[in-house]
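Here is a short report for a first look.

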Amino acid sequence: MLYKLKSCFLVFFILLVTSSFAQKEGYQWAFGQSCGLSFLSGKPDTFSTGIDAFNGCASICTSLGDLLFYTNGFFVDFYKNKNRTCNPDFTIQGTTGNFQSAIFIPHPHPDSSNLYFVFSSRSANCNCKYDKLYYSVIDLSPCSTGYIKGFIKSRSDIQITKTAVCGKLTAVKHANRKDYWVASYLINTDTFFAVQVGNNGVSSKLIKSNTGVYYKNNYTVNSPMKFSPDGKKLSSTAIGEPSFIADFNSKTGKLNNIIIFDSIKYDVVEFSSKSKFLYAVSSYSHIDQFDVSKKNKIDFINSKIRIDTINRFDYLQLAPDGKIYVASEYSNYLNVIHAPDSAGVSCRYRKKFVKLPRALDGPGLPDMVQSFFQKKTFEYRRSCTRDTVFFAPSNTF
């Protein structure tokens, strides 16, 4: 009887801990032309949204998975409160041409759960005053009319950088598991930088790292840059330019151990949910897999495995179900990598997995905080039979 009680308690504990990690900010996507994809049922279900995006887009949900708003880089639309917002359809300084033109960040302070930041930047070669990195603040608290406030006009289009940035924008949780790092790349330099978003808002300090990869001022550098979900790695690409992978210190915001791989030119990268593998796309050619555990350049490059050939420009995005979804230009299907934490062809790349309501003009999928998709695992310790078992999450943010 005691053994059964312990077993029941163990099941209850696992369910309780699992639910405590059920942060569903990335469970509903808006992208393409009116496309929506929901993972709330445990499988990808399509639905309609009001978005009109070519490549760049972003969306975010509440912690329970309710879609709040989305953007194509220019307009931010409020999904359920479209007609109940004091300041709806506010424009931001992004573009739908970049793959990573905007990203939403929840305010880390528990007393500011009604506030969200939206970061944005334009194309690296737009040659305009809006090619810097900006952020705006969205307030979901009610205003005097009973509607939600929406954009705070006095806190919109706040400039972060003094010089132009590449069309790269990614984010991950800080080592303290509360704050966030938002990262981009300064144009005409080899400088990566990260900005901390904490209880007091967005820091004005840029944490810079030199990578040895010099990104010039043209459209080719608008390819994406991605953090690994566990916050320990970062990888960046540019069309026709070298790619690199580096160790990221999620406590300091700095890069180190930078590995440049340029024997094959890649356009898009994405990490697996347990951060074991990096997937790299050479458009109109192939998808490769690299072993992230390899610490030196030779071993990392030699770990490359060809996953499949492709004949279009493809974009990769990790999802809440642990799969990587692949969007192709002019296609009305999403391909999928079913088991991205499995080596080689065991990752099970499958074409035409999700049928979309209409074909995509561009292959963009929503840019989100990579930590939203980290696969949680547990470690346990037991001294001897029938003794107390200690469980602890081993890779959480």
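A nonpolar core is a set of buried Ala, Val, Leu, Ile, Met, Phe, Trp, Tyr and Cys residues joined through side-chain atoms within 4.5 Å. Buried means under 20% relative accessible area, exposed means over 50%, and partly exposed lies in between (1.4 Å probe, protein chains only). The model is predicted: local features need pLDDT of at least 70, side-chain atom pairs count only at pLDDT 80 or more, and totals for chains, interfaces and linings use all residues. Residues are numbered from 1 along each chain as its sequence is written, and side-chain values use heavy atoms, with hydrogens and water left out.

**Cores**

The largest nonpolar core has 77 residues. Trp-29, Phe-31, Phe-119 and Leu-334 touch the most other members. Strand E9 (residues 115–120) gives the most to this core, with 5 residues. Strands (E, at least two residues) and helices (H or I, at least four) are DSSP runs, numbered from the N terminus. Another core, of 21 residues, lies apart from the largest one. Its members include Ala-164, Tyr-185, Ile-207 and Val-221. In soluble globular proteins, nonpolar side chains tend to be buried together.

**Salt bridges**

A salt bridge is a side-chain nitrogen of Lys or Arg within 4 Å of a carboxyl oxygen of Asp or Glu. The count comes to 6. The table gives some of them.

| Pair | Closest N and O atoms |
|---|---|
| Asp-45 and Lys-43 | 2.5 Å |
| Lys-226 and Glu-270 | 2.8 Å |
| Asp-288 and Arg-306 | 2.4 Å |

Asp-45 is partly exposed, at 24% relative accessibility. Lys-43 is partly exposed too, at 49%.

Lys-226 forms its salt bridge with Glu-270. Lys-226 lies in strand E18 (residues 225–227) and Glu-270 in strand E22 (residues 268–271), so the pair ties together parts that are 44 residues apart in sequence. Both Lys-226 and Glu-270 are buried.

Asp-288 pairs with Arg-306. Asp-288 is buried, at 0% relative accessibility. Arg-306 is partly exposed, at 39%.

**An open sheet**

How many strands form the open sheet? There are 4, in the order E22-E23-E24-E25, with antiparallel pairing. Two strands pair if DSSP finds at least two bridges between them. E22 and E25 stand at the edges with a single partner strand each, so one side of each has no neighbour in the sheet. E24 and E25 run antiparallel and are joined by 4 bridges. Ile-305 in E25 is the bridge partner of Gln-289.
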